[in-house]
Number of protein chains: 2
Amino acid sequence: MIGLDKKVGYSVATGFAQAELIAALAAVTANEPRVMTVRAGKALPSGPFESSHRSLQAGLRDWVESQTGHPVGFLEQLYTFADGDRDPGAGTGMRRISISYLGLVREQAAPGAGQPEWHGWYEYFPWEDRRDGADDRAGGLDQIAASLSAWAGSDPHLSAERRQRVDFTFGLNGMNWNEDLVLQRYELMYEAALIPEAGGSPGFGQPMQGDHRRILATGIARLRAKIKYRPVAFEIMPASFTLLQLQRTVEALVGLNLHKSNFRRQIDQQELIEETGETTAETRGRPAMLFRYRPSVLEARQMAGTRLPISRT
Amino acid sequence: MIGLDKKVGYSVATGFAQAELIAALAAVTANEPRVMTVRAGKALPSGPFESSHRSLQAGLRDWVESQTGHPVGFLEQLYTFADGDRDPGAGTGMRRISISYLGLVREQAAPGAGQPEWHGWYEYFPWEDRRDGADDRAGGLDQIAASLSAWAGSDPHLSAERRQRVDFTFGLNGMNWNEDLVLQRYELMYEAALIPEAGGSPGFGQPMQGDHRRILATGIARLRAKIKYRPVAFEIMPASFTLLQLQRTVEALVGLNLHKSNFRRQIDQQELIEETGETTAETRGRPAMLFRYRPSVLEARQMAGTRLPISRT
DNA sequence: TTGACATAAACTCACTATGAGCATAATCCT
DNA sequence: AGGATTATGCTCATAGTGAGTTTATGTCAA
């Protein structure tokens, strides 16, 4: 694969591949995270990488902004796939390389002819929404747990190991639910053939074309992990907002209910936001103060993080 | 770039590219992190991605193991580049896509004919080693600070902003050094033309071919960030080790001195390791207990992490 | 043999962050 | 006016972290 001393002798096609970009673009509307889709919600927007662009990132950004009509606040490369095993339409001998991205946009485009549609991302992963409001629709955790238990039991040799893995990944039998394990959960269900894309029976979430649901899972996982130590939630919020709106947005993304006063404390001791001085009376109760981000602090916090016992002596 | 409704009409070459894999393989020997290189330390091992392999990861793993003679404990995709701006030998019209990986190996291969060489990674980034022992060689922080200060002053319009960025990124003027910002520091120096690869003058670290030093910086940054919340250090350690050996290894990777007793406390309250029962007298002082990892816990800790104010009521 | 030295391992203490819940304030609705 | 509703502030116990000190157990050199 990698030749240290092969300086010559490649066949013509060697090392050449078809390059494709796939974007998972997320927005939050009405406390519901949504993802931009094509083909009636069955695929993420994608297309060939063309050589006219300076870089992957720059080209993708231009394209997204022209499509959505809104600037992309956050755009991050997710993963590059070339797995033949999961890619059905190969055959040509030339590999397809898919470079996937996660992007956050502030608002979704107005629906119009030929416009991409936005779908709630929990349609694809109903089990990932553990907020109180989330009606535990068909395909809830209980059913998944039952199916996975059956799968674990189906191989007497591996069943103990499998059960442990299931419990940990899905927060069962006394384990805590870990909202970051979106991809691990999807992969586990895939392995247990609960996913139509893997030849399993439908029932657990809407399927997508090819690998797209896996890419979306990767994006959700990345976003949920990142939101804890980088102020990415602001990329999705409007210019001014109340603390509850911010909390609801974060809750939508992580799929969990947060503790109100502790959330507020965390936000303001990080000094990420400041009052605008105005209030809003959108809700029934006491009017809430409006806040805005403090871009300077934001930029610094953009890169932070450490928890090592450093010696300063 | 991405065509939603362009179903036909691509030119033949559209979307095709030359795919290349680049690996940053790290090991720690004698408390010094090293990276596998080719071409007399001027390049990371790389080669074309061939279609015979099932997946990127699997192929790279096979290759690395055959080259180093040791299993790769940890292998993670870093980033995929297709930036034309930094790639000198383009010209063909077909883009080159570089998919880079970070790998950790336990020991370095015995030196032999045709064997790849290992170089200390601080040869390429002397300023990243902030341990006490690190003799502040030529090209130390003071010189970099001076050069960057000159660069900041060279544009009266941007100088304030630049100075702030420099201070934050390099931990100057009262700011703390953040060991994770390896890539940001390199990019900043690149922008300030302190890097030969950018047409700057030599002096700050050994240069490498093309983008390779940037890839290495990305790998170091990723590893430093990851070591805080995932037990990756064990992937580099031998089967049994003392706590000080473990600490020295982590220190080598993060380029900082750690607080001894706090480090030990963190390790054992995470329950990642257990005593083997034996002791070693490698050092002059009191013999140290030997430890080994606890694979079961290790696997669970492999995916952890959260710090959100979750509501459990 | 003895003391100087070096390292390991355990323990202390102040301070900060976090989880949980309660109290008070300012609106709207009827 | 009074209840409902939401916002914001405050308390308190507990866990985690930074920074040291103390005690144990070995080697090495005089």
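Which residue takes a positive phi in the hairpin of strand 1 of chain A and strand 2 of chain A? The structure is a predicted model, in which local features need pLDDT of at least 70 and side-chain atom pairs count only at pLDDT 80 or more, whereas totals for chains, interfaces and linings use all residues. Residues are numbered from 1 along each chain as its sequence is written, chains are lettered from A in the order in which they are written, and side-chain values use heavy atoms, with hydrogens and water left out.

Strands (E, at least two residues) and helices (H or I, at least four) are DSSP runs numbered from the N terminus, and two strands pair if DSSP finds at least two bridges between them. Strand 1 (residues 16-29) of chain A pairs with strand 2 (residues 32-37) of chain A in the antiparallel sense over four bridges, and Thr29(A) stands opposite Glu32(A) of strand 2. Two residues lie between the strands of this hairpin, and Ala30(A) is the residue that takes a positive phi, near 55°. Strand 2 of chain A is also joined by four bridges to strand 6 (residues 117-120) of chain A, again antiparallel, with Val35(A) opposite His119(A) of strand 6.

Turning to the aromatic rings, Phe125(A), Trp127(A), Tyr186(A) and Tyr190(A) form one cluster, where rings of Phe, Tyr and Trp (its six-membered ring) pair if their centres lie within 6.5 Å. Arg185(A) lies over the face of Trp177(A), at 3.7 Å from the ring centre, and in chain B Arg185(B) lies over the face of Trp177(B), at 3.7 Å from the ring centre; a charge sits over a ring if NZ of Lys or CZ of Arg is within 6 Å of the ring centre and within 35 degrees of the ring normal.

Conventions. Phe/Tyr/Trp six-rings, centres within 6.5 Å; stacked < 30°, edge-to-face > 60°.
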